[in-house]
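Open the model in your viewer and keep the selection tool ready. Each stop below says what to select and what is there.

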Amino acid sequence: MHFLDQAKIYLRSGAGGPGAVSFRREKYIEYGGPDGGNGGRGGDVVFEAVAGLNTLIDFRYSQHFKAQRGAHGMGKDRTGASAPDLVIQVPVGTQVLSEDREEVIADFTEVGQRLVILEGGMGGRGNASYKTSTNRAPRQHQPGEPAQEMWVWLRLKLLADVGLVGLPNAGKSTFINQVSNAQAKVGHYAFTTLVPKLGVVRHKGREFVLADIPGLIEGAADGAGIGDRFLGHIERCRALIHLVDISGEDPAEAMQTVVAELEAYGEGLEDKPRLIVLNKVDLADAELVEGFAAELRAAGADKVFAISGATGQGVSELMDALLAYLPERTATETKGVELERNDDEEGDGLPEWSPI
């Protein structure tokens, strides 16, 4: 399945059905009078966030979404049928933007969240509704409200609790494979990761989502390399893991390069908590690791975690530090809270268990 995080689509709600002009004509009834019914209501355009989707690839092949119009009114005071709503399913984390991308119309952050983007038109009045004491045979009717239409942009921002950043070949894919079952592609060349990758991490009874994005290089904010387009997927993360390759030429300079790109991108990424991680320590001795860690602290890092994504060395300590930045319950954790009951305590409000 291909990954797509931006798409432009056309939306149109259903127009209201026109009212009917009809007169009751039955044998032995001399003055039947008007009996034209009202038109039906047009369908709404509704967006719904659903689980199980993590790409907008479906909108590459279907860009036009049009709801049905309401049915015509009919004689014998029959109201036209209302059209069903057009429900468009999107991944959790999708934003609906205006055509100029200046306004965020909707932001879907929870499974099951629904929002009516365009309302269908009301059905027109039939001539039966125009009958008065002075107008006994009206022939006027309403055509029904017209449909609403608009172009919108869909932008997907994957929901993750922790994000991975670093230069290409910093070992991000190896790390996410070490701590989760993401099965990210690993290679001995730059830009092995071309699209964001998510992995669910389980550590000490906790569970959270880790996001790996393509590596950043100097000038990414101006489009160098893959650019900074995928940084939007870590905007909602609570913390960032900044991987620095110990086998690089200058780890301190590599750290500053990524920090500069985060600041250039903005959107609050530069203010998020960052855990500086010196990766691939299995390729160096302890003295070299301590030396590079001291350089990183001198360059602005509060604390440096030395790990090896390949062997797992030091990963547990890093995961312990991450738990401090997680909420009480993450989105992937069950919402039910297990309660431990103490038999010595009274008045806990819980009924006694019985097999009957």
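Start with the salt bridges: the count comes to eleven. A salt bridge here is a side-chain nitrogen of Lys or Arg within 4 Å of a carboxyl oxygen of Asp or Glu. This is a predicted model, where local features need pLDDT of at least 70, side-chain atom pairs count only at pLDDT 80 or more, and totals for chains, interfaces and linings use all residues. Residues are numbered from 1 along each chain as its sequence is written, and side-chain values use heavy atoms, with hydrogens and water left out.

**Stop 1**

Select R236 and D107. Their side chains meet in a salt bridge, 2.9 Å from N to O. R236 sits in the loop between β11 and β12 and D107 in strand β6 (residues 104-107), so this pair ties together parts that are 129 residues apart in sequence. Helices (H or I, at least four residues) and strands (E, at least two) are DSSP runs, numbered from the N terminus.

The cut-offs: buried is under 20% relative accessible area, exposed is over 50%, and partly exposed is in between (1.4 Å probe, protein chains only).

Next, select R41 and D44. They form a salt bridge whose closest N and O atoms are 3.5 Å apart. R41 has 27% relative accessibility, so it counts as partly exposed. D44 is buried, at 12%.

Then pick E290 and R297. Here the side chains meet in a salt bridge at 2.9 Å, N to O. E290 is partly exposed, with a relative accessible area of 45%. R297 is also partly exposed, at 34%.

**Stop 2: a buried histidine**

Go back to the loop between β11 (206-212) and β12 (239-245) and select H233. Its relative accessibility is 1%, so H233 counts as buried. What does H233 contact, leaving aside its neighbours within four places in sequence? Show F3, D5, L156, K157, L158 and P196. Contact means heavy atoms within 4.5 Å.

Zoom in on L156. Its backbone oxygen lies 3.4 Å from a polar atom of the H233 side chain.

**Stop 3: the largest pocket**

How much space lies in the largest pocket? About 910 Å³. That volume is the space filled by probe spheres set on the grid points, which are joined across faces, edges and corners. On a 1 Å grid over the protein atoms alone, a pocket is an open set of points where a 1.4 Å probe fits, with protein on both sides within 12 Å along at least five of seven lines; lining residues have an atom within 4 Å of a point.

Select V92, T109, L159, A331 and T332. Of the 30 lining residues, these are the closest to the pocket's centre. Now show strand β10 (residues 197-203): with three residues, it gives the largest share of the lining.

Colour the lining by class. You get 14 nonpolar, nine polar and seven charged residues. Ala, Val, Leu, Ile, Met, Phe, Trp, Tyr, Cys and Pro count as nonpolar, Asp, Glu, Lys and Arg as charged, and the others, Gly among them, as polar.

**Stop 4: two positive phi angles**

Select D77, in the loop between β3 (64-66) and β4 (86-91). Its phi is near 60°, a positive value in a residue other than glycine. D77 is exposed, at 51%.

Finish at E267, in the loop between α3 (251-265) and β13 (274-279). E267 has a positive phi of about 60°, although it is not a glycine. At 57% relative accessibility, E267 counts as exposed.

How values were computed. Polar contact = N/O pair within 3.5 Å; in protein donor to acceptor, adjacent residues only side chain to side chain.
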